[in-house]
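Hi there,

As promised, I am handing over the structure we talked about. Have a look at it below, and then read on for what turned up.

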Amino acid sequence: MASSDPSREFGLSEGYFAQSAFLADEFMEEISRVDLEFARKNAEFGPKPFVRTFERALDKLEMAQSELGNRISQLERSANTYAEDHRKKMVRLKQTFATVGSSFERLETQISEVGSNTIRIGEQLDTVAKEKERAEAIKELVGFYAQLNEGNTRNLDTLLEGGAEGMLKVAQTLRRLNTIVVDNEYSAPSDAAAKRQIEKYSENFEKAMLSTFESAYRDGDVHSMGIAARALDAFNGGVSVVKAYINQHPFFLSSMVGQAHDSIAEASYHAMDGVSDIASRPPPPDRWLVQLYADTRAVMFKDWAIISKVFPRPIDLMQQLLKRVFEQTIQAYLETLLARAESQSKLAFLRVLASSHQETRRLVEDLQKFDAETITPAVMVLETARRSGNNPQGLLDMPGDAQTASAQFSRSRSKKDLARAEKGGDPGTIDDEDDLDDEDAARERLGEARSGVSSAVAIAALIGRSEGDSAGVGLLYSFLNRCCDDLFESYTAGGNYMSTEQGHLKDAFRQILVPVVRARSERQGPSRSKALLGMLSSVTGGSGAAAAASDAAGTGGSTNSGSSTATGGQSAETDGSINTQILRMMLEVHAEAITRAIELESETAAPEAVAALSGQLIATLGDDYVFPALEDVLESLQDQKQEPDVRTFDVVQVANVVVRLLQMHFQRAIVPFVGNGNYIYRDVVAEKNQLMSRVEMNLNLIINKFVGASKQWIGSILSKQRKSDFRPAEDDFTAFEAGTQPCRQCTEFLQRVEQACRKNLGEENKTRVLTEVGNALHEMLMEHLRKFVVSVAGGLVLAKDVSRYRETISGFGIAALNDKFAVLQDISNIFLVQPSALKSLLEEGPLARQDRATVQAFVQMREDSRSSSLVKQFAS
């Protein structure tokens, strides 16, 4: 390649033409560099040297192009030759692979045929072996039957004396013989002796095994218990031994929680005090029930170590034991507990029902966790061992401290649950780090003790169960859920719970609203005109709703709403009006009801239950509490002869707080449980929004009505203005200093309105109300002041009144009103200036921009306006 590179022929570096950044201009500069230098030296440019240089370069390039084309043609011929050779080789190779594949397919077919034949031979041999075993078993069984027909039991007795295997063999034989006897019920009379002998021997065998089991059970001999249990399981499916184990269990033979727990039972009865009071918090779960569940945990955790070693099918026995505990012990006590609570009140029944359900769910969850972590893996090991033909019982033999660790774990849970219940806390929670450390340590020791069963996870994978499944849901999961549901089904199914809950909620709301109803009924009497209508008696401090109602009744009739003594500083929370204390009490009762509904209703029924309770709250809150109060306020504003009570704004402010509290309650206690976007959510939101819209509409109506009543009241005050007020005697200094009485009454009323608005309304609503009142006052004063003739001394009184009005309005903080009353102040100066200065006041001051006819009307009310000189001066 180097010898054929044309770069050297031009005196260039090797590979010059192969570079990627090749430029023709640079190439021409390179080959004509010498000619350029020569031209620079001679300062003369001649084209001929350049032409000769470029011609030689062109010849060389054409020669190089020819050589390159020949080279390319040669390479293309070589490549075509190699490609053709490669194609022929690939064709031969493909044919070879096809031949080899066909050979392997024929070989595989032959191997499959041989394998199928081998499998069929194996199946036939297996069938023959089973038939042979069955024939031998039948032969042996017929021999036993013949011997028993003759009254001979020596062979069975010999087997029975052969230890555990012999007992198991006898049990299997007797079971088969009993099957034969049952199937041949109408056999020949000659077989009657065999039947009697089989039944007698079977009965004696069962009694002997049960006696052995019971004796070993009392002595704590797990090995002997296991031998007897396996023999009886082979004899009759283990029905009798399971019944014997459960019937003799100390948990059922002794009292429910033992005589040592009498104090707990007594405390349980005393814990019912206050359970019917809606103003008190729900009591903790029944202490006796907590202790019963603690004992149940201890029994189940402790007995599993024995059951898993003794019984061939431990899961069946656990189900029977749990069923007996739930159906007999727990259900009996729950019925007594709930009946005792129901006899007190609906609230007591509902609270005890919810706390008992919560505690029962906690028990079930603990048992389900123990099942998933311990029982289910062990049962899976047992089933796998049975399938593989190994001794299943050996795989379940835990280390010796398994029972101790399990019992220690259960005792830890039981003692702490009981201690929390005695303290009034939640028995299923962990209060401190010591509890957490103790429980974790107990769990760790229990896990170490179960190391003999740790292989269950690996074996579980062989039968299609993952490690996550083993740790999550056990075999008893559905069974335990059903046991819990059965306990409370009679109380919750068919709408029983919801009907009781709604009935209680109705009674509770009625009880809370007792002072409201009482106050309204009192206002229907002769003193109605003296009371501020729309105000509801507040629930003051007390232990219960009844005491609160009595306190409220004692304060509800003492409210003094006289217009001359009412002050805007009084709060609606203290003067017996509609208040947030009653609402908070209603919301607390409602939140507690929702908590019970979530606890007791199923997951699918809970949203509808919460929606129903929400509708009940909204209906009661609106129809029985808020709207009657607002209607009373509206009715109180109908009396035009009395001053509008500024405490109306207290009611407006508290009503706004009520709406905000309801919205917070809706977001926190209702929305999380009714879903989002479904029809239940939409219906609940629509009910809530409708209530809030009605409240807002009523509040707007009240404010507008108050503004109208204020205008009427101001007009009535101004109508009491005397003609002599602005024509006082020369020595009446009181009029000069204090102004007129209507002015004082108006300004005092306006100050109360301003204070009430500032305290109870938002900035926008406050501005709107005060603007309307201020504009109305300005319009009335403009008309009012044109009705009176004003003397020289009366001008001072009028200026004093206008100054007081302006000072009061400036407290509103509204610029537009300040401007209007500044003009009114200028108008009052008309009555102060001398006649000679009146023209300059009207033409040069702010009054020059006012309507001339209006200003003229005020000028005419001057006492000296009758003089011809003043009239001519004003006319000019």
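Among contacts in the protein between residues at least 6 apart in sequence, 77% join residues at least 24 apart. Please keep in mind that this is a predicted model. Its secondary structure amounts to 34 helices and 0 strands. Of the 876 residues, 42% count as buried, and the accessible surface comes to about 46000 Å², with 52% of that belonging to carbon and sulfur atoms.

Let me start with the rings. The count of aromatic pairs comes to 10. One of them joins Phe349 and Tyr491, a tilted pair with 6.0 Å centre to centre and 55° between the planes. Phe349 belongs to helix 13 (residues 346–388) and Tyr491 to helix 19 (residues 477–492), so this pair ties together parts that are 142 residues apart in sequence. Both Phe349 and Tyr491 are buried. Elsewhere, Phe213, Tyr217, Tyr245 and Phe311 make up one aromatic cluster.

Lys688 lies over the face of Phe666, 4.8 Å from the ring centre. The charged end of Arg694 sits over the ring of Phe627, at 3.8 Å from its centre.

Next, the salt bridges: a search of the whole structure finds 19. In the one between Arg313 and Asp233, the closest N and O atoms are 2.5 Å apart. Arg313 is in the loop between helix 11 (287–310) and helix 12 (314–344), while Asp233 is in helix 7 (residues 222–236), so the bridge ties together parts that are 80 residues apart in sequence. What about the exposure of the two partners? Arg313 counts as partly exposed because its relative accessibility is 31%, whereas Asp233 is buried, with a relative accessible area of 13%.

Arg362 and Glu359 have their closest N and O atoms 2.6 Å apart; both residues lie in helix 13, 3 residues apart, which is about one turn of the helix. Arg362 is buried, and so is Glu359. In helix 29 (residues 763–784), Glu763 and Lys766 are likewise 3 residues apart, about one turn of the helix, and their salt bridge has a closest N to O distance of 3.5 Å. Here Glu763 is exposed, at 56% relative accessible area, but Lys766 is buried, at 12%. There is a network too: Arg351, Glu501, Glu592 and Arg596 are joined by salt bridges that share partners.

On the surface, you will find a nonpolar patch formed by Val100, Phe104, Leu107 and Ile111, with about 390 Å² of accessible area together. Ile111 is part of helix 3 (residues 47–149). Its relative accessible area is 53%, so Ile111 counts as exposed.

Is Leu847 buried or exposed? With a relative accessible area of 4%, Leu847 is buried, because buried means under 20%. Leaving aside residues up to four places away in sequence, Leu847 touches Val823, Asp826, Ile827, Ile830, Leu841, Leu842 and Val855. Ile830 is 17 residues away from Leu847 along the chain, and their C-alpha atoms are separated by 9.6 Å.

Key. Residues numbered from 1 in each chain as written. Predicted model: local features only at pLDDT ≥ 70, side-chain atom pairs only at ≥ 80, totals over all residues. Heavy atoms only, no water. Buried < 20%, exposed > 50% of the residue type's maximum accessible area, 1.4 Å probe, protein only. Contact = heavy atoms within 4.5 Å. Helix = DSSP H or I, 4+ residues; strand = E, 2+ residues; numbered from the N terminus. Areas by Shrake-Rupley, 256 points an atom, 1.4 Å probe, with all protein chains shown as cover. Phe/Tyr/Trp six-rings, centres within 6.5 Å; stacked < 30°, edge-to-face > 60°. Lys NZ or Arg CZ within 6 Å of the ring centre and 35° of its normal. Patch = residues over 30% accessible without salt bridge, like charges linked within 9 Å, V, L, I, M, F, W, Y side chains within 5 Å. Salt bridge = Lys/Arg side-chain N within 4 Å of Asp/Glu carboxyl O.
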